[in-house]
Amino acid sequence: MGRIIAPPPPCRQRTRPATLPGVRPPRLLRLAAAAVLAVGLLVHGAAAGPGRGAVASAAPAATEAGLAVLRAGGNAADAAVATALALAVVHPAAGNLGGGGFAVTRFGGQVRTLDFRETAPAAATAGMFLGNDGRPVAEKSLVGPLASGVPGSPAGLFELHRRFGRLPWPQVVAPAVRLASEGFMVTPRLQRSISEERALLARFPETAAVWLPEGRAPAAGSVMKLPRLAAVLAAYAERGPEALTTGSAAAAIVAASRRYGGILTTGDLASYRPLWREPVVFTAFGWEVASMPLPSSGGIILGETLGILERLGWAKLPPGSVERIHLIAETWRRAFADRFLLGDPATTLAGPAQLLDPGWLAKRASEIDGSRSTPSVRIQPWARPTPT
Amino acid sequence: MTEILTDAWAKAWAEALNASASYRGVAASWEGAVLVTVRGDPGHGIEERAVFLDLWHGGCREARAARPGDLDAARYALTADASTWAGLLSGALDPMSAVMGGALDLTKGSVASLFPHLAAAKELVAVARLLETSLPPGWAAS
C-alpha cells in the first residue's frame with residue numbers, strides 16, 4: 001500500500017554506523033556518508049565479505065539485518081537491500097514496500113545511482129490536489145491513496161540486487177520475513193511515531209488494524225508481529241516484484257486505493273521501471289563527492305552548501321563556534337531557497353549546471369555577511385539571467 | 001468423491017502425497033505435522049473440522065481427522081473459512097495470496113519458518129486439488 005501518512009523528515013535522529021571489525025571506510029565513502037542522510041541508501045562495493053563492512057540505518061533491527069547478510073558473505077548491495085526491507089517492517093514511517101528510494105553505488109571504482117522513487121500514476125493531473133475553488137487542498141497531497149505515487153521499492157530493490165548482489169535473492173529478503181513473522185521489539189521511537197499519527201491511522205480501518213491494536217499504539221518494549229506483511233515479503237522473495245505488482249496483490253492494492261479516492265491502476269504498478277542515472281559529482285574541501293542526481297535534490301543541495309562554505313573559509317573557523325554555525329545557517333537558507341526549483345529531470349527549473357556553477361557559488365558566498373543574518377526578503381532563488 | 005476435511009479425505013490426501021514425485025522432490029527437507037482447520041460458521045450450517053497430517057521428508061507418515069492435542073503436536077496450523085478452502089482447492093485462490101490477504105491464517109508456526117519450504121507448501125495444496133472432493137451443504141453458499 002502506498003504511503004497513507006506523510007513520513008516525517010528523514011533521519012532526524014543521528015545514526016552511527018555499525019561496523020564489522022577491521023573496517024576503515026574509504027575516502028569517497030566517508031564523504032558520501034554525509035549524503036546518505038539525504039538519499040537513504042549508499043552502497044559501496046569494497047565493503048564486502050566477512051569482516052569488512054558497515055551498515056547504518058534508522059532502526060537497530062534493520063542494521064542488524066544488514067550486518068547478518070554481510071556476515072553470510074553478502075556484499076554491500078545485498079546488505080543495503082536487506083536493511084531496506086527490514087526497515088519496511090520495523091520502521092514504517094520511512095521504510096516501506098509501497099514507497100520508493102534512491103541508491104548511490106560504487107562497484108569496481110565506478111559510481112552509479114539508481115532512481116526508484118515513486119512516479120505519478122498515469123491518471124494524475126495537474127489539478128488533482130486542488131479544491132473546487134482552484135486552491136490547493138494540502139491534505140489531498142499528504143493523506144491517503146491520492147497522495148501515493150506508484151511504488152518504486154519492489155522493482156528498485158530487486159534491480160539493485162539483480163545488478164550487484166551476490167547472495168541468492170531469497171536469502172537477502174529472509175531477514176525481513178523473519179522480523180515480520182516472528183516479531184520485533186517496538187522501540188520507543190516507533191511507539192512515539194505511531195502515537196503522534198494516531199488520528200490519521202485511525203481514519204483507515206486497514207492501518208488502524210495493523211498499527212493501533214486495541215485502539216492505541218503498541219507499547220514500547222512489546223513484540224509486534226506482522227504476519228500478512230511476512231507473507232507479502234515471502235512472495236516477493238519467491239517471485240520478485242511481480243508478486244506485488246501483478247496478480248491478486250496488485251488487484252488488492254488498486255482496490256484499496258480506489259476505496260479511498262486513489263487513482264492507481266494495475267497498469268501503473270506493472271509498468272513501473274527503476275532508472276540508473278549518472279551521479280552528480282562535485283569537489284569541495286579537497287574531496288570529490290558523488291551523490292544522487294535529480295529527482296533527488298539532496299546531492300545538488302549538498303554540493304551547493306559545501307561549495308559556498310568552502311568559499312567562505314568555513315573549515316578554518318573553530319569547530320562548534322558561533323561563526324561556523326552562523327555560516328551554515330546562512331548557507332542553508334540560500335541553498336534551500338534554490339531547492340524549490342529542483343524536480344523531475346524532465347521538467348526541473350534548475351539543476352547542477354546552474355546551482356553548482358562556480359560563478360553562482362561565488363555569488364551566493366558573497367551575499368553572506370559573517371556577522372549578521374540577511375533579511376529573508378533579500379534571499380532570492382536562482383533565476384535564469386535575462387538576455388541583454 | 002470424498003467429503004473435504006474428513007478422515008477419509010485426509011487419508012486420500014496422504015496417499016496422493018506419497019505417490020507424488022513432485023511433492024517428494026520439493027518437500028525433501030520438510031519435518032513437521034500440519035493441522036488444517038475450517039472455521040465453524042453456524043449461520044451457514046458449517047461445523048469446525050480439521051485434519052492432521054504428519055509430514056516428513058517428502059512423504060506423509062500419518063493422516064486422519066484431528067483429535068484433541070493435535071494442535072500441540074503440529075508444527076504448523078492453517079485455518080480458513082469454508083469459502084477460502086473451497087477457493088484454494090478449486091484453484092481460484094493462490095495459497096500465498098490467501099495468506100497475504102488474511103483469508104488463510106497461519107495460526108501456529110511462522111512464515112519465516114515456513115519460508116524455506118514455500119514450494120513444498122504450495123505443492124501440498126496442488127496435490128489436494130487433484131483429489132475428488134465434495135463440499136458439505138452450506139460450503140458453497142458461505
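The model is a predicted one, in which local features need pLDDT of at least 70 and side-chain atom pairs count only at pLDDT 80 or more, while totals for chains, interfaces and linings use all residues. Residues are numbered from 1 along each chain as its sequence is written, chains are lettered from A and ligands numbered from 1 in the order in which they are written, and side-chain values use heavy atoms, leaving out hydrogens and water.

Side chains of opposite charge can pair when their charged atoms come close. A search over all chains turns up 23 salt bridges in the whole structure. Arg117(A) and Glu118(A) make one of them, at 2.7 Å from N to O. Arg117(A) counts as partly exposed because its relative accessible area is 32%. Another salt bridge joins the side chains of Lys363(A) and Glu367(A), at 3.0 Å from N to O. Both residues sit in helix α16 of chain A (residues 358–367), 4 residues apart, or about one turn of the helix. (Helices, H or I and at least four residues, and strands, E and at least two, are DSSP runs numbered from the N terminus.) Lys363(A) is partly exposed, since its relative accessibility is 43%, and Glu367(A) is also partly exposed, at 23%. The pair belongs to a network of salt bridges that links Glu304(A), Glu330(A), Arg333(A), Arg334(A), Asp338(A), Lys363(A), Arg364(A) and Glu367(A).

Next come the nonpolar cores (a core being a set of buried Ala, Val, Leu, Ile, Met, Phe, Trp, Tyr and Cys residues joined through side-chain atoms within 4.5 Å). The largest core has 105 residues, and the members that touch the most others are Leu233(A), Trp13(B) and Trp85(B). Helix α3 of chain A (residues 76–90) gives the most to this core, namely 10 residues. Neighbours within four places in sequence aside, Leu233(A) is in contact with Leu85(A), Val89(A), Leu97(A), Val173(A), Ala176(A), Val177(A) and Ala180(A) (contact meaning heavy atoms within 4.5 Å). There is also a second, separate core of 17 residues, with Val289(A), Ile300(A), Ala350(A) and Trp382(A) among them.

Gly95(A) lies in the loop between α3 and β4 (102–107), and it counts as buried because its relative accessibility is 6%. Residues up to four places away in sequence aside, Gly95(A) touches Leu87(A) and Ala88(A). Ala58(A) is 37 residues from Gly95(A) in sequence, with 9.2 Å between their C-alpha atoms. Ser297(A) is placed in the loop between β10 (287–291) and α13 (298–311) of chain A. Ser297(A) is buried, since its relative accessible area is 14%, and it touches Arg339(A) and Leu342(A) if residues up to four places away in sequence are not counted.

Now for chain B. This chain has 7 helices and 7 strands, and along the sequence they follow the pattern β-α-α-β-β-β-α-β-α-α-β-α-α-β. Of its 142 residues, 48% count as buried. Among chain B contacts between residues at least 6 apart in sequence, 72% join residues at least 24 apart.

Where chains B and A meet, 13 residues of chain B and 18 residues of chain A take part in the contact. The area buried between the two chains is about 1200 Å², with 68% given by carbon and sulfur atoms (buried area being the accessible area, by a 1.4 Å probe, that two parts lose on being put together, summed over both). On the chain B side, Met100(B), Val111(B) and Phe115(B) lose the most area to chain A, together 49% of what that side buries. The count between the chains is 1 salt bridge: Lys122(B) pairs with Glu238(A), with the closest N and O atoms 3.2 Å apart. The elements giving two or more residues to the side of chain B that touches chain A are α5 (95–100), α6 (111–114) and α7 (118–129) of chain B. Of these, α5(B) gives the most, with 4 residues.

Notes. Salt bridge = Lys/Arg side-chain N within 4 Å of Asp/Glu carboxyl O. Buried < 20%, exposed > 50% of the residue type's maximum accessible area, 1.4 Å probe, protein only.
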